[in-house]
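Please keep the sequence and the 3D view at hand while reading.

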Amino acid sequence: MTKTSGFKHQTVRAYLADLVGELGVGDPIPSERTLCERFDVSRMTVRQAVDALVAEGVLRREQGRGTFVAPRRIDFEMRLTTFGEEMRSRGMEPDSRVLFSGQAPATAAIAEALQIAPGDPLHHLERVRSADGLPMSVERLWVPVSLVPGLLEDGTPDSVYAALRENGCVPSWGEDTLTAGEATEHETRLLGLPVGSRVVMRAERRTYSDDGPCMYSTASYRGDRYSVWVPLKAPGDVLVPRTRTNDEQVSA
């Protein structure tokens, strides 16, 4: 790319970035032809500018339809907090749709994570988490019944962390493992993922109270609406996460 073409590419990109601020989610941007005529540049230059904003999650292409303003990404901050707290801190209204709430026996993998015996009874909750009416993640969690027998007696709590605290089991720290992968058909349907955008960020978390593991959870976040923000500090003691073989799966 020459210096001149690079400057033109940056000019088109800056114009589109400013335009997105004036448009709403789902609004189309001007056509390639319109942008070429406006800035007197080639289609390749326009596509480079658009490609950069698509890669950043600012724009979204839909095959056969055009390019549109994408829903804004949400920074997923690595800290021991709830989905509701994170969304409210960003000025969004959280909501949940419960898919399952009840008890289930611990599988071998979950028993290992919670340091209990396979088959021990667990409170199990599966739900779709939304923000401002848009599905953001599919969350599954397990809590040993022996720790908090009445956790779900009064229905599904809005915040499981708050319910644990109220029952004398205070979450104090946790550890997350993040991976990226392709959404399952189940996740694709629940999250309303568009065609060609089936990447999800998977978060596997063990939450601890002072007495040991108190909750194990997994969540699949939309890859087109989430990025990860990790605050860094000086090196300390390393917590080595639990490893799992490729054949070992977590099942509800």
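Y208 is buried, at a relative accessible area of 9%; buried means under 20%, exposed over 50% and partly exposed in between, with a 1.4 Å probe and protein chains only. The model is predicted: local features need pLDDT of at least 70 and side-chain atom pairs pLDDT 80 or more, while totals for chains, interfaces and linings use all residues. Residues are numbered from 1 along each chain as its sequence is written, and side-chain values use heavy atoms, leaving out hydrogens and water.

**Aromatic pairs**

- Rings of Phe, Tyr and Trp (its six-membered ring) pair if their centres lie within 6.5 Å; planes under 30 degrees apart count as stacked, over 60 as edge-to-face and the rest as tilted.
- By this rule there are three aromatic pairs.
- Y15 and F39 form an edge-to-face pair, because their ring centres are 5.2 Å apart and their planes stand at 65°.
- This pair links distant parts of the chain, 24 residues apart: Y15 belongs to helix α1 (residues 3-22) and F39 to helix α2 (residues 32-39). Helices here are DSSP runs of H or I with at least four residues, and strands are runs of E with at least two, numbered from the N terminus.
- Y15 is partly exposed, at 24% relative accessibility.
- W173 and Y208 are stacked, with 4.1 Å from centre to centre and 5° between the planes.
- W173 is in strand β7 (residues 173-182) and Y208 in strand β8 (residues 199-209), so the pair ties together parts 35 residues apart in sequence.
- W173 is partly exposed, with 35% relative accessibility.
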